[in-house]
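Let's take a walk through this model, from the overall fold down to individual side-chain contacts. Have the sequence and the 3D view at hand.

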Amino acid sequence: MAEVPKVDWRAIDNDPRFQDLHRRKTGFLWGLMVFSLVFYFLLPIGAAYFQELYKIKVWGPVNVDLLFALSEFVVAWGIAFYYAKRANTIFDPMAAAIVRDAEKSLGVRK
């Protein structure tokens with residue numbers, strides 16, 4: 001049975017490129033999480049404290065409250081799209097470079 005090479009996870013964790021990737025991705029995700037939580041909780045807070053605003057009819061039976069509730073779906077999809085675009089253009093290439101170097105150090109060929 002062939003011996004599987006050991007990955008030096010400590011070296012990868014200490015790599016400044018990995019540290020930069022982790023810092024940038026964590027900051028980005030925290031920002032998205034804070035934005036999404038604030039936007040999500042605006043609906044119940046607004047419905048509780050700004051009832052007159054949320055009762056305003058926009059078109060037929062559709063009021064501001066319903067539009068805001070439906071906008072949460074649009075915002076969720078927008079956040080997912082924004083994250084995917086950012087991950088594909090920034091985070092994934094950074095991670096691929098780290099993986100490529102780790103594979104070179106293990107002698108893995110592709």
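## Ground rules

This is a predicted model, so to speak of local features a pLDDT of at least 70 is needed, side-chain atom pairs count only at pLDDT 80 or more, and totals for chains, interfaces and linings use all residues. Residues are numbered from 1 along each chain as its sequence is written, and side-chain values use heavy atoms, with hydrogens and water left out.

## Overall fold

The protein chain has four helices and two strands, arranged along the sequence as α-α-α-β-β-α. Helices here are DSSP runs of H or I with at least four residues, strands are E runs of at least two, and both are numbered from the N terminus.

The C-alpha trace spans about 70 × 25 × 25 Å along its principal axes. The radius of gyration is 23 Å, whereas a compact globule of 110 residues would come in near 13 Å. That radius is taken over C-alpha atoms, and the globule rule is 2.2 Å times the number of residues to the power 0.38.

## Surface and contacts

Of the 110 residues, 19% count as buried. Buried means under 20% relative accessible area, exposed means over 50%, and partly exposed lies in between (1.4 Å probe, protein chains only).

Take the contacts (heavy atoms within 4.5 Å) between residues at least 6 apart in sequence: 65% of them join residues at least 24 apart.

In soluble globular proteins, nonpolar side chains tend to be buried together. Here the largest nonpolar core has 15 residues, and Leu-21, Phe-68 and Phe-91 touch the most other members. Helices α2 and α4 each supply at least two residues of this core, and α4 gives the most, with eight. A nonpolar core is a set of buried Ala, Val, Leu, Ile, Met, Phe, Trp, Tyr and Cys residues joined through side-chain atoms within 4.5 Å.

Leaving aside neighbours within four places in sequence, Leu-21 is in contact with Phe-91, Met-94, Ala-95 and Ile-98.

## Aromatic pairs

There are seven aromatic pairs in the structure. One of them is Tyr-40 with Phe-41, edge-to-face at 5.1 Å centre to centre and 85° between the planes. Both partners are partly exposed: Tyr-40 has a relative accessible area of 47% and Phe-41 is at 42%. Elsewhere, ring pairs link Phe-28, Tyr-82, Tyr-83 and Phe-91 into a cluster.

As for cut-offs, rings of Phe, Tyr and Trp (its six-membered ring) pair if their centres lie within 6.5 Å; planes under 30 degrees apart are stacked, over 60 edge-to-face, and the rest tilted.

## Salt bridges

The whole structure has four salt bridges, each a side-chain nitrogen of Lys or Arg within 4 Å of a carboxyl oxygen of Asp or Glu. Asp-15, Arg-17 and Asp-101 are linked in a network. The closest N and O atoms are 2.8 Å apart for Arg-17 and Asp-15, and 2.7 Å apart for Arg-17 and Asp-101. This last pair links distant parts of the chain: Arg-17 is in helix α2 (residues 16-49) and Asp-101 in helix α4 (residues 64-106), 84 residues apart. Asp-15 is buried at 17% relative accessibility, while Arg-17 is partly exposed at 34%.

Arg-24 also forms a salt bridge with Asp-20, at 3.7 Å between the closest N and O atoms. These two both lie in helix α2, four residues apart, about one turn of the helix.
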